[in-house]
Amino acid sequence: MIKKLAFKRFIVEFSVLFAVLSLGACGGGAGVGSATATPPTGPVATGSTPIGNPPNLTPPLTDSFTAATSRTTGVAPLSVFFDATATTSALTTKPFHKLQYTWDFGDPTGSPVSGTTWANGSTPGVSSRNAATGAVAGHVYENIGTFTPKLTVYDGSASYSVTLPSIVVTDPAIVFSTNTICIAATSTPIAGNNGCPPGATVLQQSAFDTAMKTATGSNGCGTGVICKRILFKRGDSFSQSVSFNLYINGPGIIGSYGTGATPVITGTMDDSQLLFGKLQYPSVNSCSNPGSCIGGVLADWRVMDLNFIGMATGGTIASSTSAVNMAGQFNNLTFLRLSMSGQRAAFGNGDQGLDLYNNTGWCCHNIWTGITLQDSTIFNPQVGTVGNTATYSYGVYMSGIVSFFQETQLIWVEQH
């Protein structure tokens with residue numbers, strides 16, 4: 001019985017606060033930065049009980065508590081992934097399942113925007129953003145500085161601490177000092193005023209796709225300079241009639257400046273609003289020529305503080321709308337504090353790229369990793385028609401090696 005569907009308004013909120021990491025996401029224990037704490041070898045302490053370990057194994061199991069990070073430096077906000085799956089234990093053949101892993105990311109001040117705790121989950125307002133449990137984890141460093149993450153492993157008998165290499169997070173104002181652009185819909189921004197960084201290029205343009213094409217053109221931020229920090233004015237609304245496809249490698253930021261509500265980007269086309277890369281179908285012969293692939297690997301971009309509205313609103317049926325879509329080759333993309341509404345599949349990537357990777361088109365596609373979606377809301381994906389699965393929609397549609405979704409809300413309203 002589904003009597004609830006008789007209600008005029010039925011709202012479901014789903015808050016996600018967990019890691020969805022494939023073990024391959026950080027190399028199964030091998031990363032850019034790694035550390036190992038190996039306790040003294042010897043018999044199991046008197047009075048302790050092996051947890052799931054068959055007795056008298058030859059050779060005997062040993063303790064080796066190891067952790068690795070996906071990267072140790074980058075511009076803020078920096079997503080870093082942590083992996084302790086190479087850990088072994090003298091007490092169990094299943095350390096991933098049996099041991100207790102607790103991470104301290106070394107970032108107690110939390111998010112400058114969202115605070116030190118998670119707003120949702122089992123203990124809202126209590127769970128720290130600076131901590132996580134499990135053999136794999138992820139964290140977004142929004143603050144600038146040097147951070148020292150630590151891992152504590154408890155095997156039921158004793159605790160062991162692993163200190164990882166420091167993570168250095170750099171200032172976007174310095175990294176993008178010569179290639180920042182401020183874009184407003186109804187007026188020309190002034191560099192150094194109202195949140196637009198000093199020295200920034202300025203542009204008045206109300207069409208999102210046109211503004212992005214201008215900014216990422218060869219002379220977007222000066223002669224021969226491509227803009228890599230693209231900031232839209234808060235409180236402004238931007239229209240979009242054509243999908244924008246990004247082919248430029250990072251590091252880069254697409255975000256906002258100023259105060260007030262996040263910039264609104266309203267798409268009127270049945271297509272992706274922001275697309276990373278491109279599905280490519282080269283012939284077998286052209287796979288030997290890397291130049292046949294468009295753009296190469298896209299990596300290290302951040303999309304943050306934007307409000308994407310698609311055409312699938314007010315009962316409109318759309319087949320291909322999305323706020324953010326990914327195709328081709330991409331890695332290490334961070335999506336932070338986004339609002340997405342009115343799309344068929346608001347966020348994600350299709351499985352065609354995996355098909356191409358495993359078949360003739362593999363040279364232009366990779367199995368992606370390092371995708372972060374945090375502090376975001378997906379509201380009212382296309383509802384579809386009851387009984388017609390062809391019109392159903394997805395809030396998040398992902399395939400491949402996924403990274404982590406934290407504090408992401410899926411909210412929808414059904415009307416019958």
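Visitor: What does C182 join to by a disulfide?
Guide: C182 is joined to C196, with 2.2 Å from S to S. A disulfide here is a pair of cysteine sulfur atoms within 2.5 Å.

Visitor: What kind of model am I looking at?
Guide: It is a predicted model, where local features need pLDDT of at least 70, side-chain atom pairs count only at pLDDT 80 or more, and totals for chains, interfaces and linings use all residues. Residues are numbered from 1 along each chain as its sequence is written, and side-chain values use heavy atoms, leaving out hydrogens and water.

Visitor: Back to that link. Is it left-handed or right-handed?
Guide: The link of C182 and C196 is right-handed, with 105° about the S-S bond. C182 sits in strand β13 (residues 180–184), while C196 sits in the loop between β13 and β14 (201–204). The two are 14 residues apart, and they link distant parts of the chain. A strand is a DSSP run of E, at least two residues.

Visitor: Are C182 and C196 buried or exposed?
Guide: Both are buried. Buried is under 20% relative accessible area, exposed over 50%, partly exposed in between (1.4 Å probe, protein chains only).

Visitor: How many disulfides are there?
Guide: The count is 2. C221 and C227 form a disulfide too, with S to S at 2.0 Å. This link is right-handed, at 110° about the S-S bond.

Visitor: Why does C221 count as buried?
Guide: Because its relative accessibility is 9%. C227 counts as buried at 0%.

Visitor: New topic. Which strands make the parallel open sheet?
Guide: There are 5 strands, in the order β17-β20-β23-β26-β29. Two strands pair if DSSP finds at least two bridges between them. β17 (244–246) and β29 (394–397) are at the edges. Each has a single partner strand, so one side of each has no neighbour in the sheet.

Visitor: How many bridges pair β17 with β20?
Guide: They pair over 3 bridges, in the parallel sense. β20 covers residues 272–276. In β20, F276 is the bridge partner of L246.

Visitor: What about the antiparallel open sheet? Which strands are in that?
Guide: It has 4 strands, in the order β7-β6-β10-β11. The edges are β7 (131–133) and β11 (159–163), each with a single partner strand. Strand β6 (residues 100–104) runs antiparallel to β7, and 3 bridges join them. D104 has A131 in β7 as its bridge partner.

Visitor: How much space lies in the largest cavity?
Guide: About 60 Å³. Among the 10 residues lining this cavity, R129, H139, V140, E142 and Q374 are the closest to its centre. A cavity is a set of points on a 1 Å grid over the protein atoms alone, where a 1.4 Å probe fits but cannot get out; lining residues have an atom within 4 Å of a point.

Methods: On a 1 Å grid over the protein atoms alone, a cavity is a set of points where a 1.4 Å probe fits but cannot get out, and a pocket is an open set with protein on both sides within 12 Å along at least five of seven lines; lining residues have an atom within 4 Å of a point. Grid points are joined across faces, edges and corners, and a volume is the space filled by probe spheres set on the points.
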